[in-house]
Amino acid sequence: MLRLANPLVVIWAILLVLLSATIAASFVLSGPVGLVVSLSIAAIKSAMIYWRYMHLNEETPLNRIAALAAGLWLLILLGFLGVDYWTRALV
Amino acid sequence: MNFIPLWPPGASAYSHQIDLLVIAFTVLIVALSAPVFILLLVFIVKYRRGKEADRRHAPDRNIPLELSWTIIPFVALLGFYIWSTDLFARLYHPPADAMQIDVVAKQWMWKFQHPEGQAEINELHVPSGQPVKLTMASQDVIHSLFIPALRIKQDVVPGRYTSSWFVADKTGTYRIACSQYCGSNHSEMTGSFVVMNPADYAKWLSLSSNEVNLAAEGAALFRSRGCSGCHDPGASVRAPSLAGIYGNPVPLQSGEIVIADDQYIRDSILLPQSKVVAGYQPIMPTFQNVLSEEDVMKLVAYVKSLKQAGVTQ
Amino acid sequence: MTDVADPKLEEANVGRVGSTETVAQRVSYLRAGHSLKSWLLTTDHKRIGVLYTLSITFFFFIGAAAAALIRLDLLTPAGDLMTNEGYNRAFTVHGVVMVWFFLIPSIPNTFGNFLIPLMIGAKDLAFPKLNLLSWYIYMLAGLFTVFVLIAGGVDTGWTFYTPLSTMYANGNVILAASAVFIVGFSSILTGLNFIVTVHTLRCPGMTWGRLPLFVWSIYATSLILVLATPVLAITLVLISLERLFGLGIFNPAIGGDPLLFQHLFWFYSHPAVYIMVLPALGVVSELVAAGAHKPIFGYQFVAGSSIAIAALGFFVWGHHMFVSGQSLYASAAFSFLSIAVAIPSGVKVYNWTATLFKGHISLDPPFLFAMTFIGLFVFGGLTGLMLAMLAIDVHVHDTYFVIAHFHYIMVGGTISAFFGALHYWWPKIVGRMYSLAWGRVTAIFFFIGFNLTFFPQFLLGYLGMPRRYHVYPPEFQVLNVISTGGAAVLGVAYVMPLIYLIYSMCYGKPAPNDPWNATGLEWTTPSPPPKHNFEALPVVDRPPYDYEIEMRDEHV
Amino acid sequence: MSDARPVTDPFTDPLQQHRAAMMGMYVFLGSEIMLFGGLFCVAAAVRLAHAPEIVHASRALHFGIGGLNTAILLTSSLFVALGVESANGGRAKITSRWLVGAAALGLAFLMMKAYEYRMEFTEGLLPIEGVHSRYADDVQHLFMNLYLIATGLHAVHLSIGILLLIALSFRLAFGSIKLPERAIVLVTAGLYWHLVDVIWVFLYPVFYLAR
């Protein structure tokens, strides 16, 4: 049943490789750089899950937007929260 | 005085500038809304159903018109934005020679501490013509110090210092209110704000005599709470000396460099593990539930006074 | 069944005496079942809309009763009627009930539910069972709220600010937060249903450019409902856990930050203001076009501004925090963006004004309510701009100026639009006409009562009377007495429609399909509509608000 | 899409109904993202305010268990994806098996998580009342509180997912879901499962790997 050529399985393998990459990176990198790298890897992993496991590859552009809008919308909250925290100490 | 008061008294140059801004903005409101109201009435009268009128070529779109009523109000508002933001930013920049008064808010009272050590409750006496900076702390919930006559207001947030400043120029007695809802007796957390000319203020200070000033009270606490055991210059083996640190950069364990301001000194007393000075161990206990906000402010005043001592030596 | 579609027969029926039933009524959704079960287990969007109308009316009067108590108490500077605790509980009930149990569901869940499928030519919403579930969730949350009231109330204000709500307040904070948490799911499900419906169930020919403006505005509202409500939900969970277990996220003693709560809360609650007012803007677009009997001026701009308001509405929450200790730079950015969000609102008002130019204006109740809306909304909106100005906000923040401003939007705006919608679509919903004269009287009472109540509050605010003040300085008494007097007039305007609308249900003349001679698919089907809305799937081949073509037809 | 799919009431054609179901689920998952998004914002704010302490507190978590759990969840997602694939092919029995496998992996995740909580409990790091805690500082206490809430909320979502998958595999086994006509039920359930996985993919670096 489990053909290795099945793209679903290939994606799973890549996801596991990325998981090891993010763990390894956390020992090498630290601070903001480490955070950026680990979140970027998480974003790539989610993108792969969304694209193939969550069928965005076969959906209409409209449904793709519907699926991704909330993730982008969250960046508004994160961004302005960051603006406040970063600049609160400045005058 | 008036049966219905319509405009609050102003007790500072800043308050008059705010009034001017508000009046100008009201003019803008009229300018933006009058065309709507007038045209609505005119059209309703002229184009009542069943009434004879020229209704040929009624338009249902006009791009230049749409763009102009989008852009013109926006540009007008931008001007006001710059004006008001400039006024607002001034509240963040008190003059260096401002007299500092500490404010502690708690359910449901205001406590003001003058630099000379006088403390008053629900009353704030200030000299006219002198910049006054308020450093505010809350003992419990969020309060907000609101002095309508100065057109200023600032939330007082537990866990940190907030500040505001003013130069009152008209003597008199005005109202103080708490404007952030703070529990049962929120509406009774009010007080009076008394602006006196400098001579009267000096007299008031001497009448409400207080033998020790704030820094001296802080010094007493510094000894009685055991801070001196580690932080005195003689005992600086375990803890950094505090002489002359106020207002100067402090290198931290994490590699950051911070300026030792009121907030930093406060955090170092209450959350001592969080910003440890480079080269020292995080061994200081917290004084979170030991010291009141007033005590902390006295200690801050003492640490500040050490700076002056450092300079004179 | 088939002869219902025949307009001549319809006319003939209307011509008869009011007490006899029309053919349309005999087959309408109202007659599709008479048992209580047929209502409580219905998945018909029209019936669910009616259920919502009844339930939000109930909660509206709970909130209004609390408001009446507040205004009565404020007649005198001293707190004579209630204790401080009682007063605080009264305004908290007023806020919580009015915001979450009336204003947010007011137009979307009643008229949105009833009209969206009718307006886009669909049989029902995309997920009818989910729609019913959403009403049950709403009612469950409502019961929680009533229970909070019985159990002694809550005194945090509707804003639940920390650390007051988490460490100091002694009311039923957790119960109240649970009620709001639960009602949030009702909002999310309703918003989701509307979004999917508008995307997938438009009838042939109903392109986005032909969508009624009410549908555009409900669509924009739904986006906010889905994207903002979950943030409120998690924030309320954190509040409850903080209260139960001392979580510390908002507690500075262990490194938390009370301002973080305000950020999360207003990230929901500012867009929530647009949840309340966007549907009202949509209603007014419909009423203005129908009242002027003319295509809406600048359709694209009016439709686009709804989406612009919904999107920009997420970028401005920090203007509730100008004096909170937020960073100067964040405040400056939020102030600028708040100006930007005002522009699309202005665009709508100017377009409505231009719509009246060369129209055929009738002063029927719906149109009068639309005019009331425009007047009050313009004033509320422009004073809102004043509040967006940093330096002005420092003085008037948390004073009665703010109260007056948002009541001009919420009451002057949303409620007058709600009444406008009620008077416009009532014949469609119940199939009977009401007394137009009484409708006009109500609109006038509403306008006068409203201004008497809330205009003095602008003055009070600038004079420096903070909000949520039970005891106030004596020099503010005259203005407060005027305000309370106005509230009494406003109260009359709230009760009057209840009387003549219910009267019309029994004794009103049967309504024709299109009593206002308006365009739109909902007017092509009988009043009240049949169970499946349309006899046959409609096909649209004309632009929206196609009034001029009808005029030409008349002249032919 | 096959035309054999049934069309239920407000819809007029199967493709329309399929798109509506997908869109409804995507939008619902969007609201879930915003729900967890609130927690991520809290995490971001705490980290911005207390970066060094957070790094220290994160080191105290067992990143190995977390990593293993991530692998388990990713594998369960593969199982669900394979199950949905066979559902679209009309093979009910195989679909049912994949779902049971995924649910079992979900249970394994929860058991690992429980074991991890237990370890943290014995180390005095779990914020449970009445337990003598051994935090290095207050911020670690705050961090562990947030960690418990975030992973707890995730575990609740995962438990719902497990119940959902078990219920669906039972219905498949008894033939009460017709395949491939009603495969949409499995597709949307799968979407939910994958989203729970995606949330963990972000929770893991934010809490365990904040070095």
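Colleague: How many residues lie between β6(B) and β7(B) in the hairpin that they form?

Modeller: Some conventions come before the answer. This is a predicted model, in which local features need pLDDT of at least 70 and side-chain atom pairs count only at pLDDT 80 or more, while totals for chains, interfaces and linings use all residues. Residues are numbered from 1 along each chain as its sequence is written, and chains are lettered from A and ligands numbered from 1 in the order in which they are written. Helices (H or I, at least four residues) and strands (E, at least two) are DSSP runs, numbered from the N terminus. Two strands pair if DSSP finds at least two bridges between them. In this hairpin, four residues lie between β6(B) and β7(B), and Arg151(B) in the turn has a positive phi of about 60 degrees. Strand β6 (residues 143–147) of chain B pairs with β7(B) in the antiparallel sense over five bridges; His143(B) has Val156(B) as its bridge partner in β7(B).

Colleague: Is strand β7 of chain B mostly covered or uncovered?

Modeller: A residue is buried if 20 or more other C-beta atoms lie within 10 Å of its own, exposed if 12 or fewer, and partly exposed in between, with C-beta atoms placed from the backbone. Strand β7 (residues 152–156) of chain B is mostly covered, as five of its five residues are buried. Ile152(B), Gln154(B) and Val156(B) point one way, and Lys153(B) and Asp155(B) the other way.

Colleague: In what order do the five strands of the open sheet in chain B lie?

Modeller: The order is β3-β2-β1-β5-β8, with mixed pairing. At the edges are β3 (119–121) and β8 (162–167) of chain B, each pairing on one side only. Within chain B, β1 (residues 99–106) and β2 (residues 109–113) are joined in the antiparallel sense by five bridges, and Asp102(B) has Gln113(B) as its bridge partner in β2(B).

Colleague: Which residues touch the most other members of the largest nonpolar core?

Modeller: A nonpolar core is a set of buried Ala, Val, Leu, Ile, Met, Phe, Trp, Tyr and Cys residues joined through C-beta atoms within 7 Å. The largest one has 377 residues, and Val103(B), Val284(C), Ile392(C) and Leu146(D) touch the most other members. Helix α10 (residues 258–292) of chain C gives the most to this core, with 24 residues.

Colleague: How many residues of chain D are in contact with chain C?

Modeller: Two residues are in contact if their C-beta atoms, placed from the backbone, lie within 7 Å. Here 29 residues of chain D are in contact with 32 residues of chain C. The largest share of the chain D side, 18 residues, comes from α1(D).

Colleague: Why is chain A described as more spread out than a compact globule?

Modeller: The radius of gyration is taken over C-alpha atoms, and the globule rule is 2.2 Å times the number of residues to the power 0.38. Chain A has three helices and zero strands. Its radius of gyration is 17 Å, well over the 12 Å that the rule gives for 91 residues, so chain A is more spread out than a compact globule.
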